[in-house]
Amino acid sequence: MPGTMKAVILSEPTPAKQVRITEVPIPQVCPGWVLVAVKTFGLNHSEQILRLNEIQADYINKPIIPGIECAGEITDPSDSHFKKGDKVVALMGGMGRSFHGSYAEYALLPADHVFTIHTELSWTEIAAVPETYFTAWGSLFECLHLKKEDTLLIRGGTCALGYAAIQLAKAIGCKVISTTHRENKLELLKDADRALLDTGTLAGTLRGVTKALELVGPKTLRDTLRCVETGGVVCNTGILGGVYALNGFDPIKEIPNGVYLTGFFSNYPTQKSMEDIFSFLAKHQIKPAVGAVYSFADIARALSDMDRHRVDGKIVVRI
Ligand SMILES: NC(=O)c1ccc[n+]([C@@H]2O[C@H](COP(=O)([O-])OP(=O)(O)OC[C@H]3O[C@@H](n4cnc5c(N)ncnc54)[C@H](OP(=O)(O)O)[C@@H]3O)[C@@H](O)[C@H]2O)c1
């Protein structure tokens, strides 16, 4: 194995066009950590937030290799239960924030945030799964307890997570209403039963919604709480609207009687959840939705296309 690897390293807010690949030492394993040869990784909205702004926060360990997820093979299992060559995915738990992440040829990762996978999917397809499908899965099944009889509203459906959520919900037989704030993107929501243009106010225009997945976030959450029937549940998972908190939120007046509010945080994936997700995708013959694929050498263009909303769906980078 050569002593160095290619990686992206950031230490300050960095526009996409200034992102460069540099040569750095391959990290050495230590107890509890394993070395993964990264094959592919997906890009995430949260990495854009980190690169452009959040990187200034004290809790980001700088300089940092960003990237909150990857797919690859174990090259050094250290003292873990893994074997060299095991096919794995890894995500979250501080990846790309507290310790180096996936925008690199190798990633040194805590063994308890690395998960074995058994799948026929290609590396490109696998890359679209860990963060996006885990978040869709957790939001829909752990938080919303989604059932076949439900009518699901997905607010902010034209993102990787939104497309994944449509696939999972349709696979169990739900009725799905999905929204976009751009009229020209309505056709991208064709897999939903109904695609709606979101003008900012949906309350009073919908009937029979029992569950809602809020991806626009606090910007529209108050309105979404008024879109579900009594007994309905709203899960706030996204922050696409750029508003991160509900300032001055008055739960007595703003959560309608008999409506439930929950939220999902993808920081705690488990081996079981990854197995359940990959089995579900195989059982329902779901191909993970990939919007575009770039080579690692083209990372600046991939990030720029993300910043300019040029790709519909998950952006995957191949090492
Ligand atoms: N809670 C968690 O643990 C967790 C985990 C993963 C992701 N998330 C969040 O879930 C959301 C989706 O993540 P992702 O990685 O799937 O995103 P992504 O694929 O990077 O999606 C970004 C796209 O969302 C679209 N979008 C749709 N509605 C929007 C709106 N109202 N305002 C702005 N943009 C909108 C934008 O395109 P157009 O404007 O052209 O439509 C943009 O291209 C993000 O907010 C992310 O932070 C949360």
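**Surroundings of Ala 165 in the predicted model.** Leaving aside residues up to four places away in sequence, Ala 165 touches Ala 136, Leu 140, Ile 154 and Leu 213 in this predicted model. Ala 165 is also named, together with Val 36 and Ala 90, among the residues with the most contacts inside the largest nonpolar core, which has 86 residues. Helix H4, spanning residues 160–171, gives the most to this core, with eight residues, and the core draws at least three residues from each of domain 1 and domain 2.

Eleven residues from domain 1 and eleven residues from domain 2 take part in the contact; on the side of domain 1 that touches domain 2, five residues are nonpolar, four are polar and two are charged.

**The shell around the ligand.** Of the 26 residues around the ligand, those that come nearest are Cys 159, Ala 160, Leu 161, Gly 238 and Ser 266. Sorted by class, the shell has nine nonpolar, 14 polar and three charged residues, and at least three residues are drawn from each of domain 1 and domain 2. Helix H1 (45–52), helix H3 (130–143) and H4 each supply at least two residues of the shell, with the largest share, three residues, coming from H3.

**The buried side of helix H1.** Glu 47, Leu 50 and Arg 51 are buried in H1. These residues lie on the same side of H1, because they cover an arc of only 95° around the axis. An α-helix has 3.6 residues a turn, so residues three or four places apart point the same way.

Lys 62 and Pro 63 are joined by a cis peptide bond, for which omega is about -10°. Pro 63 is found in the loop between H1 and strand S4 (69–76).

With 11 other C-beta atoms within 10 Å, His 309 is exposed.

Terms used. Residues numbered from 1 in each chain as written. Predicted model: local features only at pLDDT ≥ 70, side-chain atom pairs only at ≥ 80, totals over all residues. Contact = placed C-beta atoms within 7 Å. Nonpolar A, V, L, I, M, F, W, Y, C, P; charged D, E, K, R; others polar. Core = buried A, V, L, I, M, F, W, Y, C linked by C-beta atoms within 7 Å. Buried ≥ 20, exposed ≤ 12 C-beta atoms within 10 Å, placed from the backbone. Helix = DSSP H or I, 4+ residues; strand = E, 2+ residues; numbered from the N terminus. Domains from an automatic or database assignment. Near = placed C-beta within 6 Å. Arc of directions from axis to C-beta.
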